[in-house]
Amino acid sequence: MAYYELKYPDDVSAWVATLGRHPGQKFDPKTGAEDFSEHRKVAHYLASWRPGEDWRPAPVCLHFRARGRKLVKKDRIFNDVVGPFISQNAVERMRNLLERQGHVLPLDVVNSDERFFLWWVPCIEDSVDYTRSEKFPDGTVKKIALDVQKVAGITAFRPHYTGMYNPSSQGMVLVDEEFKSAWNDAKLTGIDFSPV
């Protein structure tokens with residue numbers, strides 16, 4: 001059973017998002033480095049939603065010209081702790097697979113004419129076989145090994161193991177071969193499927 005992590009292709013970097021109706025992006029006045037405090041507010045806002053609750057999209061701005069990034073329009077443009085931002089084109093072609101385990105939630109992107117959606121992907125508890133996983137000296141997992149019984153038949157999920165540091169902030173999304181083939185057959189862009 002093969003699973004793949006959603007990575008960015010070499011020609012694309014993650015976009016930066018902020019909450020609110022104004023697309024201003026903050027930079028450190030001394031170093032010029034990006035200040036990701038606003039970006040983290042987006043992550044917190046998206047992670048606060050739970051299935052079964054009403055979804056009320058807050059205004060979000062996407063930064064198309066973030067410093068040091070090559071920002072190219074793709075069908076998957078941004079990955080957050082609960083899943084990626086994807087294009088309307090991707091939703092139209094992949095909705096059945098996207099909604100098999102996850103939720104497709106419309107976003108209120110105020111500085112783009114394009115429609116984008118959050119693909120909210122569930123976290124599967126103890127889906128990582130901690131004993132078989134490769135670990136760093138401090139015990140955190142370096143390369144995951146999956147518990148095949150926990151993930152059998154699941155199209156997409158966020159991995160988890162007992163003792164995981166701040167699991168709600170982990171943004172790794174894994175998909176199966178069916179999802180990978182469907183995305184590629186539809187000629188959608190923005191994902192490099194990296195085998196786990």
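Guide: An open sheet is built from four strands in the order β4-β5-β8-β6, and its pairing is antiparallel. The edge strands are β4 and β6 (103-106), each of which pairs on one side only. From one strand to the next, the twist averages 30°. This is a predicted model, in which local features need pLDDT of at least 70 and side-chain atom pairs count only at pLDDT 80 or more, while totals for chains, interfaces and linings use all residues. Residues are numbered from 1 along each chain as its sequence is written, and side-chain values use heavy atoms, with hydrogens and water left out.

Visitor: Which residues of helix α1 are buried, and what covers them?

Guide: In α1 (residues 37-47), the buried residues are E38, H39, V42, A43, Y45, L46 and A47. Buried means under 20% relative accessible area, exposed means over 50%, and partly exposed lies in between (1.4 Å probe, protein chains only). Their cover includes β2 (16-19), β4 (76-80), β5 (83-87) and β8 (116-120), where contact means heavy atoms within 4.5 Å. The helix lies across β4, β5 and β8 and runs at about 75° to β4.

Visitor: Why is the pair of E178 and R100 called a salt bridge?

Guide: The term requires a side-chain nitrogen of Lys or Arg within 4 Å of a carboxyl oxygen of Asp or Glu. For E178 and R100 the N to O value is 2.8 Å, so the pair qualifies. E178 in helix α4 (residues 177-185) and R100 in helix α2 (residues 88-101) are 78 residues apart, and the pair links distant parts of the chain. E178 has a relative accessible area of 40% and therefore counts as partly exposed, as does R100 at 42%.

Visitor: What makes E5 and K7 a salt bridge, and is each residue buried or partly exposed?

Guide: Their closest N and O atoms are 3.7 Å apart, so this pair also meets the limit. E5 counts as buried because its relative accessibility is 17%, whereas K7, at 35%, counts as partly exposed.

Visitor: Why is R132 called exposed, and which residue is its salt-bridge partner?

Guide: The relative accessible area of R132 is 54%, so R132 is exposed. Its partner is D129, with the closest N and O atoms 3.3 Å apart. A search of the whole structure finds eight salt bridges.

Visitor: How many disulfides does a search of the whole structure find?

Guide: The search finds zero disulfides, a disulfide being a pair of cysteine sulfur atoms within 2.5 Å. C61 counts as buried at 0% relative accessibility, and C123 counts as partly exposed at 28%.

Note on methods
Helix = DSSP H or I, 4+ residues; strand = E, 2+ residues; numbered from the N terminus. Pairing = 2+ DSSP bridges. Axes fitted to C-alpha atoms, helices over the stretch in contact; angles between N-to-C directions.
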